[in-house]
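This report goes through strand pairing, an open pocket, aromatic contacts and some backbone details of one protein model. The sequence and structure come first.

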Amino acid sequence: MTRMSIAAALNAGLRKALEADRHVMLMGEDIGRLGGVFRVTDGLQKDFGPARVIDTPLAESAIVGTAVGLAMRGYRPVVEIQFDGFVYPAYDQIVNQVARLHSRSGGTQRMPIVIRIPYGGGIGAIEHHSESPEAQFVMTPGLKVLAPSSPHDAYWMVQQAVASDDPIVLMEPKRRYWETGEVGDDPDPLWSSQVRRPGGDATLVTYGPMVATCLAAAEAAAAEDREIEVVDLRTLSPLDLAPVVASVRRTGRVVVVHEAQRTLGLGAEVAARITEQCFFHLEAPVGRVTGYDIHYPPSRAEEHFLPDVDRILDAVDATFDAAGAELASSERPGGIA
């Protein structure tokens, strides 16, 4: 058991992957000499050389397109998109090439590409640096999407992703990069959700950077004798909702929490499936606490955009009475309340 930050855990996991397979190579802007904007690849070019840890031109579409060609030649490229808001120039390559080539080739052409995307807000960055585009990849057939929330998951997930023959988008919670935690000796099953905190009164379903916020909300609720269970989805595609369904059938109350905008965000899909599978166990409508349906705001206003402990606890309170249920559903998109 070793204690490290999420950034250090990703660095250590990438190092293990490079050591384990000579076909693994890293590509991205400033990932070599600089070690990446967040230093996730720090020291890897020095130890593995510029032919395996490659500083690329500032051209996201070309980076992913080159990775497609390398994958077709037997390599396992790991691509870093420097910031979430800059993934869109590469969106065509990801959706029309990376995600489709396996099925388009009748299963003969594997696409073992990992696309790392630091995502989400909370670091006081300028525009285009705090997006949450995960739903756009979740809805794309052929892609798998992972969202680690802890150093343990970051360390093991990146290695599991690199070893997989599937194209995988790894959503890295950038504002949690420097938070530390224990990294154990064994990985958890890759395509699984996990209960991070048990509780019998209500359920919070979340992932990535919001796991820590939901755990803080559960801790605050416990001080008022309300026990809230927190389920970390971990894998956004495919979804493992078995722990969620089991939890909701026990508690009868659930709130889904994420940073991305509300309309057609992942919470909409999760809420729909919970309703389908748990309808007769629900004591109140499924609540959602999300970002608002606006562009990500300037850094001085992002604390009003991001879900926080108070908004989460208000939504949980709303599930405990009929009037509150109306409050939960009144958190309408379109502006900052």
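Strand S10 (residues 202-206) pairs with S13 in the parallel sense over 3 bridges. The model is predicted: local features need pLDDT of at least 70 and side-chain atom pairs count only at pLDDT 80 or more, while totals for chains, interfaces and linings use all residues. Residues are numbered from 1 along each chain as its sequence is written, and side-chain values use heavy atoms, with hydrogens and water left out.

Helices (H or I, at least four residues) and strands (E, at least two) are DSSP runs numbered from the N terminus. Two strands count as paired if DSSP finds at least two bridges between them.

Burial is stated by relative accessible area: buried is under 20%, exposed is over 50%, and partly exposed lies in between (1.4 Å probe, protein chains only). S10 is largely enclosed by the rest of the structure, because 5 of its 5 residues are buried. In a regular strand the side chains alternate between the two faces of the sheet. For S10 both faces are covered, with Ala202, Leu204 and Thr206 buried on one side and Thr203 and Val205 buried on the other. S13 is mostly covered, 7 of its 8 residues being buried.

## The largest pocket

A pocket is found on a 1 Å grid over the protein atoms alone, as an open set of points where a 1.4 Å probe fits, with protein on both sides within 12 Å along at least five of seven lines; lining residues have an atom within 4 Å of a point. Grid points are joined across faces, edges and corners, and the volume is the space filled by probe spheres set on the points.

The largest pocket holds about 460 Å³ of space. Its lining has 25 residues, and Ala135, Gln136, Leu264, Gly265 and Leu266 lie nearest the centre. At least two lining residues come from each of helix H6 (134-138), strand S12 (235-237), strand S13 (254-261) and helix H10 (266-278).

By class the lining has 14 nonpolar, 7 polar and 4 charged residues. In this scheme Ala, Val, Leu, Ile, Met, Phe, Trp, Tyr, Cys and Pro are nonpolar, Asp, Glu, Lys and Arg are charged, and the others, Gly among them, are polar.

## Aromatic contacts

Rings of Phe, Tyr and Trp (its six-membered ring) pair if their centres lie within 6.5 Å; planes under 30 degrees apart are stacked, over 60 edge-to-face, and the rest tilted. The count by this rule is 9 aromatic pairs. Tyr292 and Phe305 are edge-to-face, because their ring centres are 6.4 Å apart and their planes stand at 65 degrees. This pair links distant parts of the chain, 13 residues apart: Tyr292 is in the loop between strand S14 (287-291) and helix H11 (302-305), and Phe305 is in helix H11. Tyr292 is buried at 6% relative accessible area, and Phe305 is buried at 2%. Phe305 also forms an edge-to-face pair with Tyr296, at 4.9 Å centre to centre and 65 degrees between the planes. Both Tyr296 and Phe305 are buried.

Elsewhere, Phe38, Phe83, Tyr177 and Trp178 form one aromatic cluster.

A charge sits over a ring if NZ of Lys or CZ of Arg is within 6 Å of the ring centre and within 35 degrees of the ring normal. Two such contacts are tabulated below.

| Charged residue | Ring | Distance to ring centre |
|---|---|---|
| Lys144 | Trp191 | 4.6 Å |
| Arg226 | Phe320 | 3.8 Å |

## Backbone details

Most residues other than glycine have a negative phi, and most peptide bonds are trans. Asp30 has a positive phi of about 65 degrees although it is not a glycine. Asp30 lies in the loop between strand S2 (24-28) and helix H2 (44-48) and is partly exposed at 39% relative accessibility. Arg234, also not a glycine, has a positive phi of about 65 degrees. Arg234 lies in the loop between strand S11 (228-232) and S12 and is buried at 0% relative accessibility.

A cis peptide bond, with omega about 0 degrees, joins Ser237 and Pro238. Pro238 is in the loop between S12 and helix H9 (242-251).
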